[in-house]
Amino acid sequence: MKKIFFFIILSFYAGIAGAAPYTPDSGSEVLETLPYSLSSTSSADIRKLQKELLGSPEELPRALTLAKALLKDASTTGDPRFYGRIEAVLSSWWKLKNPPVEVRKIRADVLQKQHHFDEALTDLEFLLAHNPADVQSRYMQASILRVIGKYIEAKESCQAMEGKTGALVVLSCHAGIDYLMGELKGARERLEKALQHPGRISPSLIGYSSGLLGEIAYAGGDYRRAAEALEVARKLSPEDPYILSLLADLYLQTGQADRVLELLKDESANDTLLLRLALAEEQSESTEKVYAVQFRERLNEARLRGLKVHLREESWFMLDIEKDPNEALQLALENWTSQKEPLDSLLVLRSALEANNPAAAGQTVEFLKRNNTEEVHLQKLIQKLEGER
Amino acid sequence: MKRLKLLLILFFTISFFPQIASAHKPSDSYLRVDYKVNSVAIHWDVALKDLEYIIGLDINQDRSITWGEVKQRRKAILDFAASGLKLTGKESECKLDFSPELQIDHHSDGAYAVIRARGKCAESGPLKLHYSLFFDSDAGHRGIAMIQRNGSSVPVIFSPESPTYTLSVQEQDPQFIGHFLFQGMDHIWKGFDHILFLVVLLLPSVLTAASGFEKPVEKFWPAFITMLKVVTAFTVAHCVTLSLVAFDVLTISPYLVEGLVAFTILLTAINNLLAVIKESFWIVCGLFGLIHGFAFATVLQDLKLPLNELLLALLGFNLGVEAGQIVIVAVIFPLCFFLRKTALYRKLLFIGGSGIAAAVAFLWMLERFFNLQLLVL
């Protein structure tokens, strides 16, 4: 306990201090680059709306216009600042038990992005009871249920979309869950087949489904097919951080650290990708550890406000960079109570092995076995763990 | 076509991957608040991205914020910052003076404007810091502060749910009096001229006054007690002037005081050599103490303490001065006593030491009265 307190105080010093204040030499020095926004609303318009709203905070249509513009920027940048801004814009309704439908829709999205999965699911249930044909809410529900490991319920959500949206959307929804439940081969084949003759489907959907195909091929240990599918996905949505992280993980797994450093060199603003850069740096045994330093600093600043959404990244960082498997195991287990994706399970198994504490992974192993996991990396770790026991 | 449009909308707005959401850190500002009884010094880092959202920094709308743009928006930044931070006393708001100069610093998620402010409250009682920056525009914003006082630090997080922090100094606070006690001792030990003055006072204390400082004293304790009397007279006297200045009854130019302090050292050293005043030197010493008291006074005057706290601070400070002096006496007096019968002491330490002290004090006096640089010290 004392140690934790000491750490908090220390990290407060480290975090609050910043680097060192300075006065830039030239007026043309660029201090900050703002992300391009996909929303048609310019930042000046957003500011105008924002000001008007402060005068009449309970005017719903204006608040919704602003909130939707902010939500678009949130999705394209991934910057959680926008969630706080959206909540402030909708503050008159945000804490209501029964807010207007439009507000609830936005609230559910923000809540799931902040990892408040249970609250998000409650909102989605209300929305779907109100309008069962709401495909957007249904897909979000399936995604959350998949992340928290409730595969049967997630499949039901996919099923409920049948006939209400395009076939590839429903197929991808099912495939993303099937491959985690002992149907890896079938899921992959169905997806391959659908992608061979996609018909008139938006490039972004093809990009998404190709990314999923890459994820499934990687889970099956077919790195060549995974690389192909992920490259297709990247061409169609070059900025998508999820595709980039999958590619980076593939390169790290196959010992191509240099490619990770090249692929992500402009992406260090994103924590998940910054972690991959730090891991690549570690793997390439370069003497300079700039990304690790940067990541550590960001962790410290996130801890100052008691933020806990970085548990997965923190655990991985502790395991492979700080070489502290005990700490990594604690973080991985805490993370696993809320999310159970393959990567979350992988971190529990790996850190339990390295910390010589195979029993700690018992629940995770049981969960994976119950779902007949075919993820090859997880399977190997389970064998090792059972050999040690 | 309609379906395609629906899919496009669907895939642009929904997130299939809830897990990758919080890829960055939400909005924070960082404060360092140095707190001294009734004044605060604030060092505050506010993210340019957050300022852009509310007041707009990207004047030419090229999606990048330059130092030139920040400078152009300086007034807007400072006005906005001032609206988000308030310092209050028991009854009224205290003035926060924001430095007109901005600087830049970097945190893990980008560039921040560095804002500095000072605040002072006239009244006594606990001060409160109210933080509300960005709270009406960003529900996730936090003000992360390190409140520092007397070398100890408390981490504080300002949020819409808890926007206020009380900077409390109770008069019973043992730290409060301790702080000034320490300051008193520190002033004795760090001020070279006070140490010199004490040494000059100490040198004749192991020689009998009746003999004109020619013969050594016989017994330790009577001589030691006499010495303590002299030192205490000094403390009591400077306590008087210190209080007069602290309560704004008297003011005197610091140049004059510093010069006069040197003059008292000179007179004392000369008296050692010529033995003009032999008995009751403590009276003279008390007079000198009045002068030295002025030199300490600026320390407390600058703090502008409320009355009840000032009394306590004075007590602590004077006790500290006394304690600091007793420590020096307790170290040097036994040494002098041990050596008092030797020729080394009488000729070299007493006459030589007093002579050197007189010379140094004389030069100091010239320096201070005429604003010259003669000595390294």
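Q: What share of the contacts in chain A with a separation of 6 or more comes from residues 24 or more positions apart?
A: That share is 53%, and please keep in mind that this is a predicted model.

Q: And how many helices and strands are there in chain A?
A: Chain A has 22 helices and one strand, and 54% of its 389 residues are buried.

Q: Switching to α10(A), how far does that helix reach from its first C-alpha to its last?
A: Helix α10 of chain A, residues 167–178, spans 16 Å with its 12 residues, which is close to the 16 Å expected at 1.5 Å a residue.

Q: Why is α10(A) described as enclosed?
A: Since 10 of its 12 residues are buried, α10(A) is largely enclosed by the rest of the structure; among those buried residues are A:H174 and A:D178, along with A:V169, A:V170 and A:I177.

Q: New topic: at what angle do α20(A) and α22(A) pack?
A: Helix α20 (residues 342–354) and helix α22 (residues 376–388), both of chain A, pack at about 30°, with their axes 10 Å apart. Angles under 35 degrees count as roughly parallel, and the two helices are therefore roughly parallel to each other.

Q: Which handedness does the crossing have, and which residues make the contact?
A: The crossing of α20(A) past α22(A) is left-handed. The contact includes A:L346, A:L349, A:R350 and A:L353 from α20(A), and A:L378, A:L381, A:K384 and A:E388 from α22(A).

How values were computed:
Residues are numbered from 1 along each chain as its sequence is written. Chains are lettered from A and ligands numbered from 1 in the order in which they are written. This is a predicted model: local features need pLDDT of at least 70, side-chain atom pairs count only at pLDDT 80 or more; totals for chains, interfaces and linings use all residues. Side-chain values use heavy atoms; hydrogens and water are left out. Axes are lines fitted to C-alpha atoms, for helices over the stretch in contact, and angles run from 0 to 180 degrees between N-to-C directions. Helices (H or I, at least four residues) and strands (E, at least two) are DSSP runs, numbered from the N terminus. Angles under 35 degrees count as roughly parallel, over 145 as roughly antiparallel, 65 to 115 as roughly perpendicular and the rest as oblique. A crossing is left-handed if the near helix is turned anticlockwise from the far one by less than a right angle, and right-handed if clockwise. Contact means heavy atoms within 4.5 Å. The expected span of a helix is 1.5 Å times one less than its number of residues. Buried means under 20% relative accessible area, exposed over 50%, partly exposed in between (1.4 Å probe, protein chains only).
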